[in-house]
Amino acid sequence: MKKTNSNLVLLSMIFAVSLVVANMVTAKLFATGATVFGIPVVLPGAAVCYAITFLMTDVIGEIWGARKANQTVRFGFVVQILATILIILTQFLPAADPEMQTAYEMLLGQNWIFVIGSLAAYASSQSWDVYFFHKIRNAYIKKHGTTKGGKWLWNNGSTMTSQVLDTIIFIVISFGFGFGWLFDKAMWPTLGAMIIGQYIFKFLLALIDTPI
């Protein structure tokens, strides 16, 4: 990819859209068909969308550097907050159709707890991703004098470690507190299976996006 302003804008827009959509669809849980210690693994709908955000910051960091990648992360905060405000404001507008209002609240009514979980996870994981990405990259270049043969190292190293933070923080806040699973011992195995399952899913996605 060429280092042009239009490409930077495109990647930033993909990042922002993926981030906002992740918070909107995360309430939908989907069955993976896999089990962890005999517990069926279900994942939030945001699993795919949010994984794309790490790919975008890695590409931006590789081509435009850490400063632009960190700037993208900071702007992501603003985008998430703005989207949440707009969703909440729309929810309280007078409804012409009560059934549509009910559907809206069912789909987006819990968006705020997902945003809190997302922002907390986002603040730690995205910052770590950018930091660790360039930490490994700079050390490799210093040792070998080139980036050749090492891109898989900092891409996977930064993404796979940052996803540990992201997965635990987001799921504990959004589903542990938001859905009350932390206060129901019967749901603890499901919570644990979701954390492990989502991390494995993100781990595999990180391997797939390495060529990109």
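**Reading helix packing and aromatic pairs in a predicted model**

Modeller: In this predicted model, the axes of helix H2 (residues 46–64) and H3 come within 7 Å and cross at roughly 150°.

Colleague: How should I read that crossing angle, and what does it say about how H2 and H3 are oriented to each other?

Modeller: Angles over 145 degrees between N-to-C directions count as roughly antiparallel. H2 and H3 are therefore roughly antiparallel to each other.

Colleague: Which residues in H2 and H3 meet?

Modeller: On the H2 side they are Thr57, Ile60, Gly61 and Trp64, and these meet Ala66, Lys68, Ala69, Thr72 and Val73 in H3. Sorted by class, the contact of H2 with H3 has five nonpolar, three polar and one charged residues.

Colleague: Which residues in H3 are buried?

Modeller: The buried residues in H3 are Ala69, Thr72, Val73, Gly76, Gln80, Ala83, Thr84, Ile87 and Gln91. Among them, Ala69, Thr72 and Val73 also take part in the meeting with H2.

Colleague: Turning to Asp129, where is that residue found, and is it buried or exposed?

Modeller: Asp129 is found in helix H5 (residues 111–144). Burial is judged by relative accessible area, with under 20% as the cut-off, so Asp129, at 0% relative accessibility, counts as buried.

Colleague: Which residues is Asp129 in contact with, once its neighbours within four places in sequence are left aside?

Modeller: Asp129 is then in contact with Phe54, Thr57, Asp58, Ser158, Thr159 and Ser162. One of these, Thr57, is also among the H2 residues that meet H3. As for Gly61, it is 68 residues from Asp129 in sequence, while the two lie 9.9 Å apart in space, C-alpha to C-alpha.

Colleague: How many aromatic pairs does the structure hold, and how is a pair read?

Modeller: The structure holds eight aromatic pairs. A pair is read from the distance between ring centres and the angle between ring planes, with over 60 degrees counting as edge-to-face. Phe170 and Phe175 form an edge-to-face pair, 6.4 Å centre to centre with 80° between the planes, and Phe179 and Trp181 form another that is edge-to-face, at 5.8 Å and 80°.

Notes. Residues numbered from 1 in each chain as written. Predicted model: local features only at pLDDT ≥ 70, side-chain atom pairs only at ≥ 80, totals over all residues. Heavy atoms only, no water. Phe/Tyr/Trp six-rings, centres within 6.5 Å; stacked < 30°, edge-to-face > 60°. Buried < 20%, exposed > 50% of the residue type's maximum accessible area, 1.4 Å probe, protein only. Helix = DSSP H or I, 4+ residues; strand = E, 2+ residues; numbered from the N terminus. Contact = heavy atoms within 4.5 Å. Axes fitted to C-alpha atoms, helices over the stretch in contact; angles between N-to-C directions. Parallel < 35°, antiparallel > 145°, perpendicular 65-115°, else oblique. Nonpolar A, V, L, I, M, F, W, Y, C, P; charged D, E, K, R; others polar.
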